[in-house]
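Subject: Structure handover

Hello,

Here is the structure I promised to pass on. Please open it alongside this note; what I found comes after it.

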Amino acid sequence: MAAYDDAVACYGASSGSASQREEKVKVLSNRAECSLKLERWAEAELSASDALDLDSGHAKSLLRRGKARMQLGGESLVSAEMDLRAVVAARGEGATAAAGLLKTLAEQRRSERQAAAKGFRTGFAAALGGGAAGSATSTPPEPSALPALAAWANGLNESQRMEWLIDCYR
């Protein structure tokens with residue numbers, strides 16, 4: 001990693017000639033790969049993004065940034081998908097790997113949605129006083145009991161309430 005940092009420092013802030021830019025892109029992309037191996041996801045994303053600032057179509061940098069963003073998760077998953085789709089669309093180096101990662105990403109999102117839905121159904125059934133969701137033996141509570149059943153939410157702070165609301169929406 002230190003060798004890549006030294007190599008990047010040799011180029012300085014200027015872009016230089018076309019061949020220098022090309023070499024700097026390679027060094028930054030390789031630094032991104034090194035960061036991936038070290039599981040430094042944010043550093044990998046930054047190095048790959050720096051390479052892409054110089055060459056927006058560099059397939060290895062797009063693939064490496066996509067991998068880093070997949071590991072960062074959350075909001076980065078949409079960007080990861082865009083990077084990986086760009087690699088696949090270019091049909092060049094890394095297209096097969098990017099296609100495999102897109103499948104993994106789709107499976108990951110599907111399982112997250114299923115887990116969220118299952119958690120919601122279970123939590124909702126418990127909040128209403130029933131057993132497991134879809135249980136044939138659960139009966140809905142009387143309307144007068146609903147405020148008491150929702151009392152569990154009184155201990156949530158505003159952020160937790162918003163998270164619960166978003167989970168309900170999903």
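The largest share of the lining of the largest pocket comes from α6, which gives five residues. One caution before the rest: this is a predicted model.

**The pocket**

The space in the largest pocket is about 430 Å³. Two elements each give two or more residues to its lining: α5 (76–90) and α6 (95–127). The lining residues are G74, E75, L77, V78, R109, E112, R113, A116, A117 and R170. Sorted by class, five of them are charged, four are nonpolar and one is polar.

**E81 and its surroundings**

E81 sits in helix α5. Its side chain makes a polar contact with the side chain of R85, at 2.8 Å. An α-helix has 3.6 residues a turn, so residues three or four places apart point the same way. What does E81 touch once its neighbours within four places in sequence are left aside? The answer is L102, L105 and R109. R109 also belongs to the lining of the largest pocket.

**The overall fold**

The protein chain has eight helices and zero strands. Along the sequence the pattern reads α-α-α-α-α-α-α-α. The chain has 170 residues, and 26% of them count as buried. Now take the contacts in the chain with a separation of 6 or more: 42% of these join residues 24 or more positions apart.

**The start of the chain**

Helix α1 covers residues 2–11 and is hardly covered itself. Of its ten residues, the count of buried ones is one. G12 follows α1 and has a positive phi, near 70 degrees.

**Cysteines**

How many disulfides does a search of the whole structure find? It finds zero. Is C34 buried or exposed? C34 counts as buried because its relative accessibility is 19%, and the cut-off for buried is under 20%. C168 has 21% relative accessibility, so it counts as partly exposed.

**Where to look**

I would open the view on α5 and α6, the two elements named above for the pocket lining. Then go to E81 and its side-chain contact with R85. After that, turn to α1 and the G12 that follows it.

Best wishes

Definitions and conventions
Residues numbered from 1 in each chain as written. Predicted model: local features only at pLDDT ≥ 70, side-chain atom pairs only at ≥ 80, totals over all residues. Heavy atoms only, no water. 1 Å grid on protein atoms, 1.4 Å probe; cavity = no way out; pocket = protein on both sides within 12 Å on 5 of 7 lines; lining within 4 Å. Points joined across faces, edges and corners; volume = space filled by probe spheres on them. Helix = DSSP H or I, 4+ residues; strand = E, 2+ residues; numbered from the N terminus. Nonpolar A, V, L, I, M, F, W, Y, C, P; charged D, E, K, R; others polar. Polar contact = N/O pair within 3.5 Å; in protein donor to acceptor, adjacent residues only side chain to side chain. Contact = heavy atoms within 4.5 Å. Buried < 20%, exposed > 50% of the residue type's maximum accessible area, 1.4 Å probe, protein only. Disulfide = S-S within 2.5 Å.
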